[in-house]
Every structure is written in structure tokens, then in C-alpha cells.
Amino acid sequence: MFFQIVFVFIALISVISATATGTIKGRLDLAANNITGFVSTRTSFKLYQIGNFSTKYPHTATAIFQDDEGHFEFSNLPLNEGVNETTYYVMYPASMDFNLKPNRILIEFKNLENGTLQLNAFKNLFGRENFPSKDIIYPEKLESMKVDPYIKVELLHKAPIRSYLQARNVSIFSTGIIGSILNSRWKLAGVITLIALVVFPIIVEKLDPETARAIREETKRKQREKYGAVASK
């Protein structure tokens, strides 16, 4: 009985070890830029299994940097079993600090007749199908990528600076009626003009009382002449 249990256990281990798995190695090439600090924590690589798959659900995984040289790896990826069987994955590089290229990579695992596993990668840009349509006479071919020793992801350009902090206590000069006036040049000019019309006579009276008195008398005289002309009619 004991030997039967051992035999079953060994057979189970052999079946598990025979299950086909794949590995994807990649590297983010930042040239002179060092992958340090928050850059490593704000950059990741997501992998999704597409097409036919032998498991109940498609496999998904996320990888981060293994070192400061930008290396990353996906291991123990489930593959479809059988000769000439293919398994497809799509990889998405994502970073909050950089815009990376290619922004989508189609990865193909193919089981060859000699028992070896062939790995291929293609630039699969956004806006295009994962696989060129067979209904098109001249379907567009995906550009192949080098996979040995790793799949290289490059820097397109540095992403614009983003603001991740927002003030909790907003000033009254930024919102409401006051903020609306201060943020509009036309409203602000109108308010300044209105204030000037109200304040100017007061300032003139304080600085030059005689001139202010003469202005008031002249205004009254014009009003009397106006009303007198209307009454004579």
C-alpha cells in the first residue's frame, strides 16, 4: 500500500512538471536615466492572455522592476499543450513618469515538433487589432521585435508634470463671487471703474474743496437751465 501511494505521488509530480509553462523577459531601456526612487514604484508591466486558453479563465499578471537596470520578468505562464499549438499574451507597459513605446506588445508562444518552445513578439500598437483580419486581401503585418535576450521597451518622451496634490481649503479669492470677478479681466475692469466713479468726487472734495464746490455749482446751473428750457415750452 505504501509503495502504491509513493508511485501515485511520483506520477502526480511528473504530470505537474510536464505542464508547459513559459517565461517572458523584458527590460525598460532609459539610456542615461537611472531607475531610482519613485520611478520604480510608478512603473509596471501588465500581461493578459488572449485567444484560446486551456484554463478556465485567461491568465493575467503584473511585473515590476527586478533591479535598477530596468529588467522585469513574467514566469510560469500557462501554455496550451500540443504540437504546433500557440498561446498568445498581450503586454502593456505603464508609467506615471514616462511615455513608453511600444504601448502594446503581442507575444506568441509556439510549441514546435521537436519539443522546443518558440517565443515571438510583435509591436501591437493601440488602435489596431491583435491579429490582422484574414478577410483583407493585403492584411497589415505586425512588426516583429527582438526577444533575445529580452524584449526591449523604450522611452518615447518624458510625460508632462502632473499635479497630484489639491488644496483642501480653497481661498475665497479663488471661488464664489469674488473669485469670479478676480478671474475675469472684464468683470474686474468694470468693478474698478465703478469704484473710481464713486470715490473720485470724494477725493477731489478732500484735496481741493473750492474746485469741488465749483463743480457742484456748475452741475446745478446746468440742471436749472435744462428744467427752465423744458418749462418754457
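Helices (H or I, at least four residues) and strands (E, at least two) are DSSP runs, numbered from the N terminus. The structure is a predicted model, in which local features need pLDDT of at least 70 and side-chain atom pairs count only at pLDDT 80 or more, while totals for chains, interfaces and linings use all residues. Residues are numbered from 1 along each chain as its sequence is written, and side-chain values use heavy atoms, with hydrogens and water left out.

R104 is placed in the loop between strand 6 and strand 7. With a relative accessibility of 9%, R104 counts as buried; buried means under 20% relative accessible area, exposed over 50%, and partly exposed in between (1.4 Å probe, protein chains only). A polar atom of the R104 side chain lies 2.8 Å from the backbone oxygen of N124.

A nonpolar core is defined as a set of buried Ala, Val, Leu, Ile, Met, Phe, Trp, Tyr and Cys residues joined through side-chain atoms within 4.5 Å. The largest such core has 23 residues, and those with the most contacts inside it are I24, L47, F74, M91, I105, I107 and I151. Two or more residues are given to this core by each of strand 1 (21–29), strand 2 (43–50), strand 4 (71–78), strand 5 (86–95), strand 6 (98–101), strand 7 (105–111) and strand 10 (151–158). A second, separate core has 6 residues, including I50, V90, L106 and L142. In soluble globular proteins, nonpolar side chains tend to be buried together.

Contacts (heavy atoms within 4.5 Å) were examined for I151. Residues up to four places away in sequence not being counted, I151 touches I24, K25, G26, R27, M91, I105, I107, A121, M145 and K146.

Rings of Phe, Tyr and Trp (its six-membered ring) pair if their centres lie within 6.5 Å; planes under 30 degrees apart count as stacked, over 60 as edge-to-face and the rest as tilted. The structure holds 5 aromatic pairs. In one of them, the ring centres of Y48 and Y92 are 5.7 Å apart and the planes stand at 75 degrees, so the pair is edge-to-face. This pair links distant parts of the chain, with Y48 in strand 2 and Y92 in strand 5, 44 residues apart. Y48 is partly exposed at 36% relative accessibility, and Y92 is partly exposed at 25%.

The rings of Y89 and F109 also form an edge-to-face pair, with centres 6.2 Å apart and planes at 90 degrees. Y89 lies in strand 5 and F109 in strand 7, 20 residues apart. Both Y89 and F109 are buried.

Notes. A polar contact is a pair of N or O atoms within 3.5 Å; within protein, one must be able to donate a hydrogen and the other to accept it, and residues adjacent in sequence count only if both atoms are side-chain atoms.
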